[in-house]
Number of protein chains: 6
Amino acid sequence: MKYGARNQLIGKVTGVKKGSLMCQVSLSIPANSSMASVMTIDSLEDLGIKKGDKVRVVVKAINVLLVKE
Amino acid sequence: MKYGARNQLIGKVTGVKKGSLMCQVSLSIPANSSMASVMTIDSLEDLGIKKGDKVRVVVKAINVLLVKE
Amino acid sequence: MKYGARNQLIGKVTGVKKGSLMCQVSLSIPANSSMASVMTIDSLEDLGIKKGDKVRVVVKAINVLLVKE
Amino acid sequence: MKYGARNQLIGKVTGVKKGSLMCQVSLSIPANSSMASVMTIDSLEDLGIKKGDKVRVVVKAINVLLVKE
Amino acid sequence: MKYGARNQLIGKVTGVKKGSLMCQVSLSIPANSSMASVMTIDSLEDLGIKKGDKVRVVVKAINVLLVKE
Amino acid sequence: MKYGARNQLIGKVTGVKKGSLMCQVSLSIPANSSMASVMTIDSLEDLGIKKGDKVRVVVKAINVLLVKE
């Protein structure tokens, strides 16, 4: 399985918050960092993920914004 | 300084590859993971970043795709 | 503070509409134009913005679609 | 003609910079602000735009990041 | 009418599911394939679309992820 | 293999055009429609795709813009 995206991390689902149409999945990645993904509840159901599951976290490099503070 | 995005990591620039208009910045994040950002060369010059610099890596949660393998 | 994005405007918050998970922030920019941003309610709380506040409006150029009518 | 996007401004093309595959279109919007769009050169040719042309600038609200400085 | 995006299909609205702020529009495209678009309910109202309507489906090529299984 | 995205089509690679940093992959999908994806050349090499290969085409619904003409 290969993805056309530069960013691929392995995350563990730490929580799912559901809205009326969309949902927000919280993830932990190595070194105690956290990430989050927003998708439709329909997509969440297709994924079939729940707290504790491992998932691949994919982000195209163009969607990564850098800030120099 | 506060950002309206769920994903904010601290990265270190490990390399910059320039194309004719766009460029690709390689980053290391904690736990030896790597990430990448693509932007215009104009934006790279505004940022003024070079190898070794610390940057904030910002990604809106909607741009994070999860895959269950 | 420098951002790796071509589009940076200064906007003033004119309203916030909250859904169950996401929210929509209305903004005015110079010359009586208006813009809007959608984010999670969690991100809104991190930002801590309210009506009348000034914010920086950041958009990567790749997310700008041009139409010739 | 109606678009499913919250952000719609009228811009004037002030310049086009071509890379090998992508290009960057500079725009002026009211009140002397400037914006930019990145697209493929193929899309630029479909648009058929040149310096001085008026275009509609469309951005989905989810792609607008707010920062509180 | 010309769009600065590589992906333009003609779709037919097969359903609209409304959340509290966002909505999800289901579409059929040729060869019995289906697609979906998420937008704000405000944008849906601007569009004024309903089941059975024809719409143009526009996606910038940078937002298309390829996977090799 | 499950993806957290509403849009998943099967496409066939019909061509690859390389720039200096980015590349553009042309695809045919059922009913003689065509699509395109832009990614880094690094991602193209990871994918290892060539003309004639079948790929999964994944697009998050939020990145789909509808236009009513």
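Predicted model: local features only at pLDDT ≥ 70, side-chain atom pairs only at ≥ 80, totals over all residues.
1. One residue pair can be named here: E:Val57 has F:Leu66 in E6(F) as its bridge partner.

2. A second open sheet of six strands draws on chains B, C and D, in the order E1(B)-E6(D)-E5(C)-E2(C)-E3(C)-E4(C). Here too the pairing is antiparallel. The edge strands are strand E1 (2-3) of chain B and strand E4 (33-40) of chain C, and each of them pairs on one side only.

3. In this second sheet, strand E5 (residues 54-59) of chain C pairs with strand E6 (residues 65-68) of chain D in the antiparallel sense, over three bridges. The bridge partner of C:Val58 in E6(D) is D:Leu65.

4. Chains A and B are linked by strand pairing as well. Strand E6 (residues 65-68) of chain A pairs with E5(B), antiparallel, and three bridges hold the pair. A:Leu65 is bridged to B:Val58 in E5(B). As a general point, strands of a sheet pair through backbone hydrogen bonds, either parallel or antiparallel.

5. Along the principal axes, the C-alpha atoms of chain A fill a box of roughly 35 × 30 × 20 Å.

6. How is chain B placed relative to chain A? Chain B is superposed on chain A by a rotation of 180 degrees with 0.0 Å of shift along the axis, at an RMSD of 0.0 Å. The two copies are therefore related as by a two-fold rotation axis. In chain B, the C-alpha nearest this axis belongs to B:Ala31, at 2.7 Å from it.

7. The contact between the two chains involves 37 residues of chain B and 37 residues of chain A. Of the interface residues of chain B, 100% are also interface residues in chain A, so the copies meet through the same surface. Together chain B and chain A bury about 3,200 Å², with 62% of this on carbon and sulfur atoms.

8. Two salt bridges are counted between chain B and chain A. In a salt bridge between B:Glu69 and A:Arg56, the side chains meet at 2.6 Å, N to O.

9. Which strands of chain B make up the side that touches chain A? At least two residues each come from strand E2 (7-18), strand E3 (22-29), strand E4 (33-40), strand E5 (54-59) and strand E6 (65-68). E4(B) provides the largest share, seven residues. By class, this side of chain B has 25 nonpolar, six polar and six charged residues.

Terms used: Residues numbered from 1 in each chain as written. Chains lettered and ligands numbered in written order. Heavy atoms only, no water. Pairing = 2+ DSSP bridges. Helix = DSSP H or I, 4+ residues; strand = E, 2+ residues; numbered from the N terminus. Least-squares fit on C-alpha atoms with pLDDT ≥ 70 in both. Contact = heavy atoms within 4.5 Å. Buried area = accessible area lost by both parts, 1.4 Å probe. Salt bridge = Lys/Arg side-chain N within 4 Å of Asp/Glu carboxyl O. Nonpolar A, V, L, I, M, F, W, Y, C, P; charged D, E, K, R; others polar.
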